[in-house]
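Biologist: Please take a close look at the packing in one part of this model, and then at what surrounds that part. I would like the cut-offs stated as you go.

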Amino acid sequence: MEDNEKEPAIITVEGEVSLGSNEISEDFSEGGPIEDEIPKIEQETEEEMIKIRNLEKDYSEELKFKKHQEALELKAVANTFFKSGDYQAACNSYTQALKTCPLCFKPDISILYANRATAKLKLHYTYRESAIEDCTRAISLNPIYVKPRLRRAACYMAAEDGSSYENASEDLRLVLQMEPLNREAISMYKELQEKITERDKKMEEVMGQLKQLGNMILRPFGMSTDNFRLNRDPVTNSYSVSMVQNPNEQE
């Protein structure tokens with residue numbers, strides 16, 4: 001952790017988590033342990049946080065300081081749960097700390113979101129999207145905080161269909177702009193490029209097979225797949241099909 005507390009280190013693509021001088025390694029290929037029953041965690045609601053923030057407006061400086069200290073104590077408890085492998089309890093304690101810490105202490109709140117994201121990833125693979133949301137909140141509170149960007153990139157890279165690789169690339173690019181010698185980011189970026197190459201190769205193979213099938217179906221109608229163009233949306237990474245009247249004509 002930060003502020004004289006040891007923070008759970010970044011979950012890499014290979015799944016290694018460093019806790020101080022101890023290193024724990026486990027299979028993270030599926031984004032965390034798969035269980036029949038998803039562990040439940042406490043999560044603040046938007047309405048709840050609005051109410052809390054409204055109450056904070058009347059806090060004295062002394063009370064803000066007291067609440068901040070309480071939040072740091074809860075964070076320390078959460079860190080202990082994390083190090084012991086009780087990720088469910090860690091998530092819940094981070095949530096309590098988030099509800100306690102006044103908004104004026106944005107760097108600390110950013111750390112809490114980033115730490116909870118890590119705990120969610122370790123708890124269960126189905127919390128991956130929720131972990132991405134926590135990382136995004138952490139970044140919005142502290143844009144130069146690189147760890148949530150690395151964690152969010154790891155989440156994007158864990159997507160089996162490769163649909164979020166471009167998002168991961170953008171996060172890693174920004175990290176390397178801020179810290180060009182960040183070994184974690186360099187390693188992840190290298191692996192990401194390999195993943196993108198493999199994904200695109202598989203896509204080409206699939207598209208080739210679909211083209212052959214499409215030509216067989218369209219041939220009786222005097223058409224071919226050349227009469228259709230596949231368009232990729234770089235934002236959503238989705239595809240749409242448009243018809244080309246004269247495919248042999250140059251645009």
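Modeller: Helix 3 passes helix 4 in a left-handed crossing; a crossing is called left-handed if the near helix is turned anticlockwise from the far one by less than a right angle, and right-handed if clockwise. This is a predicted model, so local features need pLDDT of at least 70 and side-chain atom pairs count only at pLDDT 80 or more, while totals for chains, interfaces and linings use all residues. Residues are numbered from 1 along each chain as its sequence is written, and side-chain values use heavy atoms, with hydrogens and water left out.

Two packed helices are described by the angle between their axes and the distance between the axes. The axes of helix 3 (residues 87-100) and helix 4 (residues 106-123) come within 9 Å and cross at roughly 160°. That angle makes helix 3 roughly antiparallel to helix 4. Axes are lines fitted to C-alpha atoms, for helices over the stretch in contact, and angles run from 0 to 180 degrees between N-to-C directions. Angles under 35 degrees count as roughly parallel, over 145 as roughly antiparallel, 65 to 115 as roughly perpendicular, and the rest as oblique. On the side of helix 3, the contact is made by Tyr 87, Gln 88, Ala 90, Cys 91, Tyr 94, Thr 95, Ala 97 and Leu 98. Helix 4 contributes Ile 109, Leu 112, Tyr 113, Asn 115, Arg 116, Ala 119, Lys 120, Lys 122 and Leu 123. Contact here means heavy atoms within 4.5 Å.

Tyr 87 also takes part in an aromatic pair. The rings of Phe, Tyr and Trp (its six-membered ring) pair if their centres lie within 6.5 Å; planes under 30 degrees apart count as stacked, over 60 as edge-to-face and the rest as tilted. By this rule the structure has one aromatic pair. Its partners are Phe 82 and Tyr 87, edge-to-face at 5.2 Å centre to centre with 65° between the planes. Both Phe 82 and Tyr 87 are buried, where buried means under 20% relative accessible area, exposed over 50%, and partly exposed in between (1.4 Å probe, protein chains only).

The loop between helix 3 and helix 4 holds Cys 101. This residue is buried, with a relative accessible area of 1%. Not counting residues up to four places away in sequence, Cys 101 touches Arg 53, Glu 56, His 68, Ala 71, Asp 108, Ile 109 and Leu 112. Ile 109 and Leu 112 also belong to the helix 4 side of the contact with helix 3. Cys 101 and Lys 64 lie 37 residues apart in sequence, yet their C-alpha atoms are 8.1 Å apart.

The structure holds zero disulfides, a disulfide being a pair of cysteine sulfur atoms within 2.5 Å. Cys 104 is in no disulfide, and the nearest cysteine sulfur, that of Cys 101, is 7.3 Å away. The sulfur of Cys 135 is 5.5 Å from the closest cysteine sulfur, in Cys 155, which is too far for a bond. Cys 135 counts as buried, at 0% relative accessibility.

Helix 5 (residues 128-141) and helix 6 have axes that come within 9 Å and cross at roughly 155°, so helix 5 is roughly antiparallel to helix 6. Their crossing is left-handed. Among the residues making this contact are Cys 135 of helix 5 and Cys 155 of helix 6.

Helix 6 (residues 146-157) also packs with helix 7 (residues 165-178), at an angle of about 155° and with the axes 8 Å apart. Helix 6 is therefore roughly antiparallel to helix 7. The residues in contact include Arg 149, Arg 152 and Tyr 156 of helix 6, and Asp 171 and Leu 174 of helix 7. This crossing is left-handed. Leu 174 is partly exposed, with a relative accessible area of 22%.

For context, the chain has eight helices and four strands. Helices (H or I, at least four residues) and strands (E, at least two) are DSSP runs, numbered from the N terminus. From the N terminus on, the elements run β-β-α-α-α-α-α-α-α-α-β-β. Of the 251 residues of the chain, 41% count as buried. Among contacts between residues at least 6 apart in sequence, 57% join residues at least 24 apart.
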